[in-house]
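Welcome! Take a moment to look over the sequence and the 3D view, and then we can walk through some of the details together.

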Amino acid sequence: MFASLRVRNYRLFFSGQVISNVGTWMQRIAQDWLVFQLSGNNPVALGIAVAFQFTPTLLLSLWAGVLADRVDKRRMLILIQSINCLQATLLGVLNLTGVVQIWHVYLLCMMLGITSAIEVPTRQSFVAEMVGRDQIANAVALNSSIFNLARIVGPAIAGFAITWVGTGWLFIANAVSTIAVVTGLALMNPAKLFRGPAIPRAKGQLMEGLRYVRHRSDLVTVMVLMFFVSTFGITYFTSLPIVAANVFHTQADGYGLLSTLVAVGTFVGALLSARRGIKSRPRVRTMLIAAAGLGLFEFITAFMPTYLAFGLGLIPLGFATITFLNTANALVQTSVTPEMRGRVMGIYVLVLIGGNPIGGPMTGWMADAFGGRSPFYIGGAISLIAAVVCAVVLIRRGGVSLPVRRFGNGLRVLKRERV
């Protein structure tokens, strides 16, 4: 389960991420709650903040993928993390001095969005450089495990800390936590990285990446399904403060607990993904089943009558979510050539995060117009339909191995090539 940790460079990266991700989630909870307070509990304002944070992905992620194939990824990540430290510090100081206004938060969300648009494809493709091709699936799953362990610890700390000291100190704590990532990256041995061939600057590299994906039906399926699920389904993270405050009438600690329950499911799912990552390669079938489960659990959870029942429903939802995300990520990373990995990951990040400028405001609008539960049952239904449609298309093309019942002559199994 922890095979990738035998690699020293990855251990340094992993250790820094353990600390930094806790700070990131503390800031995420504090930022959402601050926007909610400054706007008078307006769900639309929360959706606007999400849009400001993720709009840069639409504009920059493809270019960032090309950049990731050209530059020293380790040095780029050090620069980006330093900028993120500055962003969190500015937001914390504005908050603690009592001068923060909602436009300040929007502006700094945009700043974070710009750095994230460049950082995510760089970091995703850097995983392969640290551990090599054979360990990618395991390393991706371990990254998710610490990310989601942080989602258990971070929101739990943030929910109670907000009631004790307010939101400002949580931004400062996140700024301090980024130092761990920078330190780990600085201590790495560059000679031990599994770097691909250098990609010189040339015209048409972005279009080359797009053509590469277009001619790969497996990658197209991942991208299409990821767009629908991330835009309409996984936006339930944005809906949690709305449900906590407007449906169940709880305070920040209630929101933090809901986020923690999601993270319990995602953490368990990430550990199981890490175990699968050392035994077998990722499969499209696993991704499709996880996407369908995500949609189904999200739809069911929307109608849970009590706060406790709703919270417990978030655990299997979190499990299905991280299984889908990890499998899709590993499928992409293990099936592309090293010289194309940055550009393909840029496209992947575009469809993963790029739908948030649509999904964020849409979630706020739906919650305002149809009630706080509506983003869950609408997003769940769309995710389930998208998974079923993609599965039907692949089965017709012979891309997934599934049993087919035929009546009259008994049960027959059609064997198709496993993907």
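## Salt bridges and their surroundings

Glu 119 has a relative accessible area of 8%, so this residue counts as buried. Please keep in mind as you read that this is a predicted model. Arg 123, with a relative accessible area of 23%, is partly exposed. The side chains of Glu 119 and Arg 123 meet in a salt bridge, 2.6 Å from N to O. Both belong to helix H4, and because they are four residues apart there, about one helical turn separates them.

How many salt bridges does the structure hold? There are six. Side chains of opposite charge can pair when their charged atoms come close.

| Salt bridge | N to O distance |
|---|---|
| Glu 119 and Arg 123 | 2.6 Å |
| Asp 69 and Arg 343 | 2.9 Å |
| Arg 343 and Glu 208 | 3.1 Å |

Arg 343 forms a salt bridge with Glu 208. Arg 343 lies in helix H13 and Glu 208 in helix H7 (residues 205–214), so this pair ties together parts that are 135 residues apart in sequence. Arg 343 also meets Asp 69 in a salt bridge. Asp 69 is in helix H2 and Arg 343 in helix H13 (residues 341–353), so here the parts tied together are 274 residues apart in sequence.

## A look at helix H3

Helix H3 covers residues 73–96, and its 24 residues should span 34 Å at 1.5 Å a residue. Its end C-alpha atoms are 35 Å apart, which agrees. Where the helix starts, a side-chain oxygen of Asp 72 comes to within 3.1 Å of the backbone nitrogen of Arg 74. Just after H3, Gly 98 has a positive phi of about 80 degrees.

## Ser 230 and its contacts

Ser 230 sits in helix H8 (residues 217–233), and at 3% relative accessibility this residue counts as buried. The Ser 230 side chain reaches two backbone oxygens: that of Phe 227 at 3.3 Å and that of Val 351 at 2.9 Å. Setting aside neighbours within four places in sequence, Ser 230 is in contact with Thr 235, Val 351 and Leu 352.

## Out on the surface

Leu 96, Phe 160, Trp 164, Val 165 and Trp 169 form a nonpolar patch on the surface, and together they have about 610 Å² of accessible area. Helix H5 (residues 136–165) gives the largest share of the patch, three residues. Phe 160 is found in H5 and is partly exposed, with a relative accessible area of 44%.

Ile 289, in helix H11 (residues 284–301), is exposed, with a relative accessible area of 57%. The C-alpha atoms of Ile 289 and Ala 320 are separated by 8.7 Å, while the two residues are 31 residues apart along the chain.

Methods. Residues numbered from 1 in each chain as written. Predicted model: local features only at pLDDT ≥ 70, side-chain atom pairs only at ≥ 80, totals over all residues. Heavy atoms only, no water. Patch = residues over 30% accessible without salt bridge, like charges linked within 9 Å, V, L, I, M, F, W, Y side chains within 5 Å. Areas by Shrake-Rupley, 256 points an atom, 1.4 Å probe, with all protein chains shown as cover. Salt bridge = Lys/Arg side-chain N within 4 Å of Asp/Glu carboxyl O. Helix = DSSP H or I, 4+ residues; strand = E, 2+ residues; numbered from the N terminus. Buried < 20%, exposed > 50% of the residue type's maximum accessible area, 1.4 Å probe, protein only. Expected span 1.5 Å × (residues − 1). Polar contact = N/O pair within 3.5 Å; in protein donor to acceptor, adjacent residues only side chain to side chain. Contact = heavy atoms within 4.5 Å.
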